[in-house]
Amino acid sequence: MDARRESEPTMKNDTTVERKSERELVTTRTFNGPARIVFEAWTTPELFKRWWAPKSMGMSLRSCEMDVRVGGKYRLEFEHDAMAFFGTYLEVTPHSRLVWTNEEGGEGGPVTTVTFEEQGGKTLLVLHELYPSKEALDAAGTGAADAMVETFAQLDELLLTLGASVGRS
Amino acid sequence: MVQYARTGFDASFAALSDATRRGVLEQLGRADASITDLAEKFDMTLTGMKKHVDVLEQAGLVTTEKVGRVRTCKLGLRRLEEEASWIEKYRQRWCARFDELDKVVEELKRKEKIDGRKKRE
């Protein structure tokens, strides 16, 4: 076997998203590794932190707490004080299934189900987000959350500008 | 922000609460039509139909364009495009995360292999 080829990630797998119904978004992606490893990366804070907030999002996680068991809580905090994502694990089946709530947005938050299905050493991951209503999904889409991120980015810029002008005077 | 969104939804729901307006949307789904066409089809006065179209237009469900003396109505694609674009944004966000997750998975696989080798030795 060619060890070099094996150690280098092969071509990136496709990420697909489908609005399956008025209340559901389904995202799928295959990973070149067994389910137990992909599951580990979703349930170990130090690993989770490394991929959940990629650089292109323009933000990084300051802290990440996860009590991965039924009824356990998680809390992700971004570097901006006001940005936090939190909720409760509803189902935890090692290496195959995770279900959690997203409570930062109040009652409009979705319930997220992630399943890990191993096929020949690869893992098909299906991320399913079920919103309480069509309006809640639409609201998420029209960008309450994204707009918030942008707002903070703009605020950052503003603070930099203000800082710079104060420094000058 | 939430307020804006809600206003939009209220307008959409109000627009869709009327059978004639739902019929108009269905009709426009098949083909663009002028207000005159629609008024005839639904057996209404021009003024009556214009009011319905106004409501649909305000909700972003229909767009109209006046050419000469004819106002042509079509389904409000803007909203559909908006939806397509936010789903694409959502996809890109997950895509970026998953590309990073690939790296973590590769690293764990390598580590497992080394650990396995050590155990065998």
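## A first look

Is His95(A) buried, partly exposed or exposed? His95(A) counts as partly exposed, because it has 15 C-beta neighbours inside 10 Å. Please keep in mind as you read on that this is a predicted model.

Most residues other than glycine have a negative phi. His95(A), however, has a positive phi of about 65 degrees, although it is not a glycine. You will find His95(A) in the loop between strand E5 (84-93) and strand E6 of chain A.

## A counterpart in chain B

Chain B has a residue of this kind too. Asp43(B) is not a glycine, yet its phi is positive, near 55 degrees. To locate Asp43(B), look in the loop that links helix H3 (35-41) to helix H4 in chain B. Asp43(B) counts as exposed, because 9 other C-beta atoms lie within 10 Å of its own and the cut-off for exposed is 12 or fewer.

## How chain B is built

Chain B contains 5 helices and 3 strands. Followed along the sequence, these elements come in the pattern α-α-β-α-α-β-β-α. Of the 121 residues in chain B, 17% are buried. Among the contacts in chain B with a separation of 6 or more, 45% are between residues 24 or more positions apart.

## The sheet and its helices

The 3 strands of chain B make an open sheet with antiparallel pairing, in the order E1-E3-E2. Strand E1 (33-34) and strand E2 (62-67) of chain B are the edge strands, each pairing on one side only. Strand E3 (residues 70-75) of chain B is joined to E1(B) by 2 bridges, and these two strands run antiparallel. In one of the pairings to look for, Ala33(B) has Cys73(B) in E3(B) as its bridge partner.

Two helices lie across this sheet. Helix H2 (residues 19-30) of chain B lies across E1, E2 and E3 of chain B, at about 90 degrees to E3(B). Helix H4 (residues 46-58) of chain B lies across E2 and E3 of chain B, and runs at about 120 degrees to E2(B).

## Where nonpolar residues gather

In soluble globular proteins, nonpolar side chains tend to be buried together. Here, the largest nonpolar core has 14 residues, and those with the most contacts inside it are Phe31(A), Val38(A), Ala41(A), Phe116(A), Leu101(B) and Val105(B). Helix H2 (35-43) of chain A and helix H5 (77-120) of chain B each supply at least two residues of this core. Leaving aside its neighbours within four places in sequence, Leu101(B) is in contact with Phe31(A), Ala41(A) and Trp51(A). Apart from this core lies another, of 12 residues, including Leu38(B), Met49(B), Ala59(B) and Val62(B).

## An enclosed helix in chain A

Why is helix H4 (residues 134-141) of chain A largely enclosed by the rest of the structure? The reason is that 6 of its 8 residues are buried. The buried residues of H4(A) are Ala136(A), Leu137(A), Asp138(A), Ala139(A), Ala140(A) and Gly141(A).

## How confident is the model?

Chain A has an average pLDDT of 81, with 75% of the residues scoring at least 70. Within chain A, confidence is highest in strand E6 (residues 97-101), at 98, and lowest in helix H1 (residues 3-7), at a mean of 46.

Over residues 1-9 of chain A, pLDDT stays under 50, and the model has 5 contacts beyond four places in sequence for them. Over residues 147-152 of chain A, pLDDT also stays under 50, with 4 such contacts in the model.

Key. Residues numbered from 1 in each chain as written. Chains lettered and ligands numbered in written order. Predicted model: local features only at pLDDT ≥ 70, side-chain atom pairs only at ≥ 80, totals over all residues. Pairing = 2+ DSSP bridges. Helix = DSSP H or I, 4+ residues; strand = E, 2+ residues; numbered from the N terminus. Contact = placed C-beta atoms within 7 Å. Axes fitted to C-alpha atoms, helices over the stretch in contact; angles between N-to-C directions. Buried ≥ 20, exposed ≤ 12 C-beta atoms within 10 Å, placed from the backbone. Core = buried A, V, L, I, M, F, W, Y, C linked by C-beta atoms within 7 Å. pLDDT = per-residue confidence, 0-100.
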